[in-house]
Amino acid sequence: MSALTGKTANERIDAGRRRFLIAGTSVAGGFVLGIPAISFGRPPVAEGTTGERQIGYFIEIKPDGGVVIGSNQPEIGQGVRTVLPMLVAEELDVEWSSVSIRQMPLGLVKTADGYTWKYGGQGVGGSTGLTRNWDFMREVGATARHQLIRAAAARLNVPASSCTTKPGFVVCDSPADAIPYQDLIADAAKLDMPEEVPALKDSRDYRIVGTKKNTIDALDMVTGKTRYGLDTVEPDMRYAVIARSPYLNGSVRSFDDSDARKVDGVLDVFEVEGPKPGEPYFILANGVAVVATSTWAAIKGRQALKVDWDPGPNATDDSETFWQENAEALKGSGQIVTDDGEFDKAMAAADKIVERQYQVPFVSHQPMEPQNCYAYVQEDSCHIIVPTQSPSGASRSAAAITGLPRENIRVDMTRVGGGFGRRLTTDYVAEAAIVSRHTGWPIQLVWTREDDIKNDFYRPAGLHEIRAGVDKDGKVTAWTQRLASASKYYRRPNMPDENLWEAELYPDDFPRKIIENFRLEYFHNAIGLPRGSWRAPAHTANAFVIQSFLDELAHDTGQDPLQLRIDLLGGERELEYGNHGGPTFNPGRLTRLIRFVAEEIDYGTKRPKGRGVGLATHFTFGGYAAHAFEVTVSPRGELTIERIVAAIDCGYAVHPNAVEAQLEGGTIDGISTALGQEITVKNGQVQQSNFHDYPLARIAQIPSRFEAHILNYDETPTGVGEIPIPPVAPALTNAIFAASGVRLRRLPIADQLKRTMAA
Amino acid sequence: MISFKVNNKPASFEGDTDTPLLWVLRDRLGLTGTKFSCGVGLCGACVVHLDGRAVASCRVPVSSVEGRAVKTIEGLAAADGELDPVQQAWLEHDVAQCGYCQSGQIMAAVDFLNRYPDPTDKDIDNNMSSMVCRCGTYVRIRKAIHRAAELKRAES
């Protein structure tokens, strides 16, 4: 996910954007501040010509004192719409209650130097929404405040240094002189921008940042007013669904649409060509589109369609075969991708070798809002309205289909009904553009739940093996993780086979550099399932494997699982970390967290038979998390999660309410996935279709005793969206072992516990 | 033609009488607060009230609502804008993350609290488990339901 588009754009804009912050007056008479839509190297927009249309990321102070803050990032439920305005409001020094937000579209503009992003890089993935904007948003707010102070000082003919602010007012000399910001709009807009960014607040003076704030648009959500992508209504809009090949890489041989066309409301039926097998894909499947006057008519029309599918090259793909192949592969030698110290020698000298295998399945994203996209392709323009994590990707997909220059493609974003990585890809945008181009109509493309489950970019599955050499004192002297999997980098353009492992093993993860003799080995296996990023991608698999193995290693060598972790993780120190989330990893921060959750749950207290506690901890994309689970397992194998203690160290919690929400939600996501989710393939087809065979956790599966703790570390925030998930599955299976003596090495748990206990 | 009431106002529908109420509300009546998610009654995102009881509107053919009263999330607050205690509690606990399932969760919770004015956690688990939240807001949903019960009791 680090390769998410927008990052480069953001970095590129960083160098110049301070100089190009500009101020002006909005059409409505407000003071606006933002980045002009011009290329770097050109002069800024002349004074007096600055209108709303030229302003990039902006804040607007209205004549009534209200403050509108532009939200440039996609809101997928992570809270970015609230936290970024919090940063601006803090430095601008206004009352939070006076702030409202406006969702910005994709700010792509063409300049003499190529494309640039007038609202900064846009796109959310890899838990970077806050961290990439942390400095910039505060600087925007501080700059606006500085201009208001200067305007007030000039009016009162006093030095600016004698002025300060209180929320919404500039105060010079005496409080009686306090001038409301809105009275300074006209003067402030005329001032040249400062050469340097004014000093930012000391964190001790924060009134908004670091305090509990509720979601800024929550009222719209509880009253049904929020517009998600699927709620888009545009003039003359038609509705489309696509019957996609049920076979992985299958295609349409022929189809009979005579009954479909008889369905009341069906307007058009035509074939949609997908990618060739093996080639990079920006749409998923070949199929037949049905366009109608309502969603229901389109769905009914599709049901009436008769399609003869060519099963294609993956017709015999089968999950069972896939797992057999992985097991077979691990018997041989793979690609050594990391090899520290003298692994073979250390292994040969080991007093004891512990070895285990773990299986992690394919899983699907399943956001509650199914994929959808509005597209209106005209001769020289295209309008896209889409719930996506990647508006830039949406623009590229639409450009690829229409052949239009990207500056002629408008991309509007809605609030997004869940992302989880699924909406980093924009296949639905390409599909909608195809249907609109073909018909000439404005189209809303709708996916049903079945479409979403059967046509996903699934989280890769793999069979992992860990072998560790231990000396006579129980010290781990050598460690290898060997993985046979279907890499996420499947069908990526320009992706050589020898780099496929990079999506599946992040070499600098624990315990590298802690265990000196360390080796990673990879075996790529083929299967026709599309693959993509799923919340905390490979960390979910690797944390399960490593944190399960640590418990097993401890048991095999007569050590305590908590103490073994503490011994390995050790104290505070920064280790180099070259993967996403670096540049460093401090294992001591994990020690602190796991000690904390262990203490909270009374880890040291012995439980009766059938009840047990499990622990796990992991570093993900710059942030740290740990979980303690307490479970009971009945003699028949019925599992109850009794209590959860979850802790996160995200450096500094800028928006603690959202951090807590992500910690709760991420933990539940981890439980949901571990308990029952698996995508399987038989005869080249995905076997699951809806929530009955791809179950999401329900409220009854989540204990009331759920304690979420935020442990701040310093003043540097990290992301939070993905950090809480990885430790969840191993903490749960470690607790199950403690309660029942049954070690689950294969996810999902499903009915394994019941079957094992019955046997 | 099928005639019924939506949020106390008369509504009618002409066309395919198999059309689920969900799509009539969304595509014809512009009431997009009711959400489509699973389409087969497994998740509750489309829950509305039919004659006061929570139903999955994706499973209700419009033919069966003739003469009946439908209430959607848009009609839950009082005419003067005063929120239902459940909406109020949802705000206090800031339940929503992506928010997509929350209309259904709220409509289901309103019906549930009418039947269980003083619910236990077990009551909540038993009655709200037909609902799915992919973001995992269950911890806050449970708290918000208790809070709404408290608000309702204070009201009466």
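1. Salt bridges between the chains. Seven salt bridges are found across the interface of chain B and chain A; a salt bridge here is a side-chain nitrogen of Lys or Arg within 4 Å of a carboxyl oxygen of Asp or Glu. B:Lys35 pairs with A:Asp231 in this way, and their closest N and O atoms are 2.4 Å apart. This is a predicted model: local features need pLDDT of at least 70, side-chain atom pairs count only at pLDDT 80 or more, and totals for chains, interfaces and linings use all residues. Residues are numbered from 1 along each chain as its sequence is written, chains are lettered from A in the order in which they are written, and side-chain values use heavy atoms, leaving out hydrogens and water.

2. Polar contacts. Across the interface of chain B and chain A, 36 residue pairs are in polar contact, both residues at pLDDT 80 or more. Such a contact is a pair of N or O atoms within 3.5 Å; within protein, one must be able to donate a hydrogen and the other to accept it, and residues adjacent in sequence count only if both atoms are side-chain atoms.

3. Elements on the chain B side. The largest share, five residues, comes from α5(B). Helices (H or I, at least four residues) and strands (E, at least two) are DSSP runs, numbered from the N terminus.

4. Extent of the interface. Chain B gives 48 residues to the contact and chain A gives 60 residues; contact means heavy atoms within 4.5 Å. The two chains bury about 4500 Å² between them, 56% of it on carbon and sulfur atoms. Buried area is the accessible area (1.4 Å probe) that two parts lose on being put together, summed over both. In chain B, the most area is lost by B:Gln97, B:Arg134 and B:Tyr138, together 17% of what that side buries.

5. The sheet of chain B. Five strands form an open sheet with mixed pairing, in the order β2-β1-β5-β3-β4. Two strands pair if DSSP finds at least two bridges between them. β2 (9-13) and β4 (53-56) of chain B are at the edges with a single partner strand each, so one side of each has no neighbour in the sheet.

6. A parallel pair. Strands β1 (residues 2-6) and β5 (residues 69-71) of chain B run parallel, joined by two bridges. B:Val6 stands opposite B:Val70 in β5(B).
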